[in-house]
Amino acid sequence: MRFVTSFPHEVRTAETVRIPMPDGAELAGRLWRPVSSDGDPVPAVCEAIPYRQRDLTSVRDSIHHPYLAGHGYACLRLDLRGSGDSDGVLRDEYTEQEHRDIEAALEWLSEQPWCTGRTGLMGISWGGFAGLQVAARRPPSLGAIVIASFTDDRYADDMHYMGGCLLSDNLAEAGTMFAYSTLPPDPAVVGERWREMWRERLEQAEPWILKWLAHQRRDDYWRRASVCEDYAAVQVPVFASSGWADGYSNAVFRVLEHLDVPRKGLIGPWSHKYPHLGVPGPAIGYLQEVVRWFDRWLKDCENGADDGPVLHTWMQESVPPSTAYEERPGRWVGEPGWPSPHVEPRAHALARYRIAPAGEEVAPGEVSVQSPLSVGQFAGKWASYNAPPDLPYDQREEDGGSLVFETDPLDERCEILGAPAVELMVAASRPVATIAARLSDVAPDGRATRVTYGLLNLTHRESDDAPEPIGPGEFRRVRVQLNGVAQAFPPGHRIRLSLSTSYWPLAWPPPEPAELTIRTGTSCLVLPVRPTTEDDEVTPRPFDEPEGAQPVPTTQLDPGENSWTVSRDLVDYRSVLEIVKDGGVLRHDDTGMTVGRRVVERYSSVADDFASPRGDVEWSMTFARDSWSIRTVTRTVLTATPTAFEVHGHLDAYEGEHRMFSRDWERSIPRDLL
């Protein structure tokens with residue numbers, strides 16, 4: 001990345017601003033704006049997230065907010081209520097209170113003498129969610145949003161549930177927010193109030209997984225703030241992006257299809273990162289695109305930001321399997337809209353262990369599978385965060401416990417763009433059963449790179465709102481939707497479809513093992529084929545190289561460690577996936593704060609005992625400056641019986657060496673056809 005030190009506008013920074021809320025609370029933020037805005041007002045852009053702008057996101061914030069400010073915007077990085085130096089308690093994600101607070105912050109911005117009265121929202125992940133959700137509430141000043149790695153459907157397409165299956169990222173994210181929501185404010189900002197504010201957060205804390213497990217089907221809890229419930233509510237221009245290695249790429253397709261506003265979509269090869277910081281590469285000049293978008297819709301500049309293809313995607317070339325890539329080879333392709341007239345759905349009948357060419361009739365038959373719990377240990381994370389390497393590895397070992405269908409070696413190149421699907425005539429031996437479908441690129445030497453995948457809890461085959469058991473032995477027609485992707489399969493390679501009845505630890509297993517029987521001939525794989533004869537409608541103006549403002553200085557005092565280890569004990573047949581993400585100790589040189597973060601996730605099971613899976617997420621966080629120091633340790637453990645999920649939570653908080661707060665939670669939550 002190129003760091004820019006000279007901008008069209010000189011920038012002034014307010015290290016801490018306190019924004020009043022209607023109920024008397026104050027939220028804390030950092031503000032960058034042009035010096036010239038004292039006499040020449042500018043539009044304002046807000047990013048609102050709960051991740052502590054003075055330390056935990058300060059490096060990232062300093063790269064892009066001063067950059068936007070230098071191009072003529074007042075930029076507010078706001079800590080949500082109960083996070084960082086803001087008042088209150090952070091109780092859950094995307095609450096009514098959160099949205100009212102963001103609306104109040106936008107109103108405050110629009111009324112400042114240095115603001116034109118026009119505002120925008122931007123953000124990635126939580127900030128992307130909030131941007132889309134608040135846009136649907138139509139605050140008067142809001143004129144455009146820029147969102148990355150987001151969803152419009154909180155139940156069906158988030159880290160909680162997928163196809164009615166419980167994701168392990170539900171536990172991982174609950175562990176993350178258990179740690180973040182129990183941190184204190186900075187005494188250098190709030191003064192002696194810090195202990196009182198911290199104790200309020202500790203005393204009202206609760207592991208969020210208790211809320212999330214209480215809603216195992218699509219109900220009003222998930223419908224609230226799911227913009228897919230009413231796309232027409234969004235009335236401002238939207239620039240939406242994500243990455244193929246992320247968990248949130250599907251939403252880009254949906255907002256392009258369903259929103260009736262000026263919109264642009266961008267999907268690169270990236271993990272859960274902003275595109276200018278994108279890994280795997282190539283990263284792009286995303287901040288330049290953000291400036292162009294806001295210039296078009298907040299400053300009325302006729303700059304062509306709304307011209308050209310509606311969707312840009314990175315068409316990925318074939319690569320050997322790896323848990324991490326620095327770069328993904330490929331090219332940018334453009335589509336005039338979505339659904340694209342260039343993409344053709346092609347159905348391929350499933351024969352016995354074979355994917356037939358499109359149009360070929362296949363004789364009926366039956367094949368069955370009952371997978372061991374070990375299938376899924378090389379699945380990687382639901383969303384890659386690129387720290388540590390967390391992409392799926394070679395699928396050959398996974399395929400040993402799966403039902404595999406494969407094409408003949410391809411005679412010519414095949415490119416797909418969009419969401420593949422598997423349509424199955426299937427029967428299960430148990431009333432609750434899961435099916436995981438994986439699509440892989442198989443090289444001539446046999447190595448198999450997973451391209452995309454999908455999950456379906458068969459009790460959700462008709463509805464996420466009202467799941468129903470599947471009658472054992474009854475054949476039903478179901479559709480397993482796979483995640484969208486852009487992928488090229490070279491000549492000589494094979495396309496492989498793998499079906500398994502478990503995918504642990506990416507998804508929690510069903511209560512007991514089940515055998516699935518698939519009828520061939522009437523089952524098929526549907527591929528969204530983009531013919532290679534199509535001309536690429538790429539933009540005539542290529543993306544610039546990534547650039548941003550000079551980040552604030554930091555000093556790494558302890559390098560930390562990252563690891564991802566799969567182990568199997570052949571005495572008691574225990575398998576364990578252990579993920580260590582240790583950021584070491586980092587000093588923020590501008591504030592003098594030192595921060596340490598370490599998280600360990602462990603997912604284990606024993607042989608094929610479906611009552612044995614266990615998830616354990618432990619966070620340790622330290623903050624120190626001069627003689628002041630605090631430490632929190634949070635732990636969330638999830639196990640299950642055939643009838644209930646069992647949650648154990650633990651919280652310890654230390655001031656110096658003194659443990660000043662400790663609490664445990666034990667809760668049993670009935671399984672709801674899950």
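**Cysteines and enclosed space**

Mentor: The cysteine sulfur closest to that of Cys-46 belongs to Cys-75 and lies 9.6 Å away, too far for a bond. The model is predicted, so local features need pLDDT of at least 70 and side-chain atom pairs count only at pLDDT 80 or more, while totals for chains, interfaces and linings use all residues. Residues are numbered from 1 along each chain as its sequence is written, and side-chain values use heavy atoms, without hydrogens or water. Cys-46 counts as buried, at 0% relative accessibility (buried is under 20%, exposed over 50%, partly exposed in between, with a 1.4 Å probe and protein chains only). Cys-301 is partly exposed at 31%, and its sulfur is 15 Å from the closest cysteine sulfur, again in Cys-75, too far for a bond. The whole structure has zero disulfides (pairs of cysteine sulfur atoms within 2.5 Å).

A cavity is a set of points on a 1 Å grid over the protein atoms alone where a 1.4 Å probe fits but cannot get out, and lining residues have an atom within 4 Å of a point. The largest cavity has a volume of about 440 Å³ (the space filled by probe spheres set on the points, which are joined across faces, edges and corners). Its lining holds 31 residues, and Trp-244, Ala-245, Leu-391, Arg-450 and Val-451 lie nearest the centre. Strand S21 (448-457) and strand S23 (485-489) each supply at least two lining residues (strands are DSSP runs of E, at least two residues, numbered from the N terminus). S21 gives the most, with five.

Conventions
On a 1 Å grid over the protein atoms alone, a cavity is a set of points where a 1.4 Å probe fits but cannot get out, and a pocket is an open set with protein on both sides within 12 Å along at least five of seven lines; lining residues have an atom within 4 Å of a point. Helices (H or I, at least four residues) and strands (E, at least two) are DSSP runs, numbered from the N terminus.
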